[in-house]
Amino acid sequence: MTAARRADGTPRVVVTGFGVKSPAGGTPDEVVAAVFSGKSQAVHVQELLEAGTAVSYGCPAQPFEEERYFTRPELRRLDRMTRLGVAAAEDALADAGLRGPDAPAPWRRGVYVGTAAANLASVVALGGHEHAGTLHRVPVPAVPMIMPNATAANISIRHGCEGPCPTYSTGCASGATAIGEAALAIRAGRIDAAVAGGVDAILTPFVMAAFARIGTLARRDDAPHSASRPFDAGRDGFVVGEAAAFLVLERADHAAARGARVHGEIAGYAAASDAAHIVAPRKDGRVAARCMAAALADARLGPRDIGHVSAHATGTRSNDGAEALAIDRCFGGDAPPVTATKGVTGHILGAGGALEALVALRCGAAGLVPPTANFAGPDAETGRIDVVHGEARTIPASAPVLSNSFGFGGHDAALVLTPA
């Protein structure tokens, strides 16, 4: 990553900052340690127990010192999802040191946010006034609390980022989409730096009831810690989590000029649509495999260059089977080791691609592939790939990583990440 430009003459895009608020911790070190521990963060949630939902557990983000990030008026007007996102982005920018005279001009800095459900929890909560006949009591901050773009807007306002500020909703591929699109904007010369990632926080009775109705949730109420089982033969659904994760992306020559620490590079990106079903992936994995291959081509890499695959792997029967087939297709039956974080974090929806990129870059730099939690053995579908489990796997340090994200609606996104 010493060259400032890619083979096609466009700028290289490097990662100079990480920020995270998640079930596995509130710092990159805590998240990586939790993933390597293989310990699930799923717990029973009091609000779900009281509501009597069919599934009463999930992976809530760990509490953090909100007073360090927000004033009292801000705490009153920002909902939980926005607070998680703004705090994670704040940490990422601090990690990057991208402030003051070292920062690009305001109009050369962008904010790219992905979210699967936006501020749905606030919409549901505030919408109760209509049914209760208390519309005259709707809080004054209701509109900024339910705006889907509230997280992006608040990050932009707080840090004076006057460049593009889009919010993407491509289901659970949203975080990866935001990172990929930010990287494309930097390559195209539209901006010099961006904070990009994803956030979701919808661990509420309504959402849990909705997911339960379509049969996507794991049903292990007596053992939440073993419920999220990526690629395992006994998988029966996902565990809902909440998180925010952001990366600071920067033009490589700009990062070098200011002496920034580089965590890695966004070397390739591709997106696609299954164009098949609203909540189920294509069983043949054909489009997902093509998306992975396109990301590799964008990175000017071949399948044998990849050190490991960071899988989407939600723990549902259909997703994991289709993804295993897609990986097998992409790599011609000779895939590198595969790992998945959701056995630890649960399915953190639009934040997943961003948190998994963070973990992939940190672990790849050390030449380690973390184990997949709760994986006891494959079935005929997932047995096509080499799932790392039990203990970490050693690979060549800084080998490129292929990171997959797939979302309801058939959204596919793949990132190729080169650790520093």
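The model is a predicted one, and it holds three cavities of 30 Å³ or more.

**The largest cavity and Asp-79**

- The largest cavity has a volume of about 40 Å³, and its lining is made up of Arg-77, Leu-78, Asp-79, Thr-82, Asn-119, Pro-144, Met-145, Ala-150 and Asn-154.
- Sorted by class, the residues that line the largest cavity are four nonpolar, three polar and two charged, and helix H6 (142-146) and helix H7 (150-159) each contribute at least two residues to this lining.
- Asp-79, which is one of the lining residues of the largest cavity, sits in the loop between helix H3 (72-77) and helix H4 (80-96).
- Although Asp-79 is buried, it has no salt bridge, and the nearest side chain of opposite charge, that of Arg-83, is 6.2 Å away.
- Leaving aside residues up to four places away in sequence, Asp-79 touches Asn-119, Ser-122 and Met-145.

**The largest pocket**

- The largest pocket is lined by 30 residues, and those that lie nearest its centre are Val-279, Pro-281, Thr-316, Asn-319 and Phe-408.
- Helix H12 (317-330) and strand E13 (401-407) each supply at least two residues of the lining of the largest pocket, with H12 giving the most, namely five residues.
- The lining of the largest pocket divides by class into 12 nonpolar, 12 polar and six charged residues.

**The second largest pocket**

- Strand E1 (13-21), helix H1 (28-37) and H4 each provide at least two residues of the lining of the second largest pocket, and E1 gives the most, with four residues.
- Six nonpolar, seven polar and nine charged residues make up the lining of the second largest pocket.

- Phe-246 belongs to strand E7 (residues 243-251), and Phe-246 counts as buried because its relative accessibility is 0%.
- Phe-246 and Val-338 are 92 residues apart along the chain, and their C-alpha atoms are separated by 23 Å.

- Side chains of opposite charge can pair when their charged atoms come close.
- Arg-362 and Asp-29 meet through their side chains in a salt bridge with an N to O distance of 2.5 Å, and this pair links distant parts of the chain, with Arg-362 in helix H14 (residues 352-365) and Asp-29 in helix H1, 333 residues apart.
- Arg-362 is partly exposed, since its relative accessible area is 29%.
- A salt bridge also joins the side chains of Arg-251 and Asp-253, again with 2.5 Å from N to O, and Asp-253 counts as partly exposed at 30% relative accessibility.
- Arg-282 forms a salt bridge with Asp-284, in which the closest N and O atoms are 3.4 Å apart; Arg-282 is partly exposed with a relative accessible area of 22%, and Asp-284 counts as partly exposed at 26%.

Definitions and conventions: Residues numbered from 1 in each chain as written. Predicted model: local features only at pLDDT ≥ 70, side-chain atom pairs only at ≥ 80, totals over all residues. Heavy atoms only, no water. 1 Å grid on protein atoms, 1.4 Å probe; cavity = no way out; pocket = protein on both sides within 12 Å on 5 of 7 lines; lining within 4 Å. Points joined across faces, edges and corners; volume = space filled by probe spheres on them. Nonpolar A, V, L, I, M, F, W, Y, C, P; charged D, E, K, R; others polar. Buried < 20%, exposed > 50% of the residue type's maximum accessible area, 1.4 Å probe, protein only. Lys, Arg positive; Asp, Glu negative; His and termini not counted. Salt bridge = Lys/Arg side-chain N within 4 Å of Asp/Glu carboxyl O. Contact = heavy atoms within 4.5 Å.
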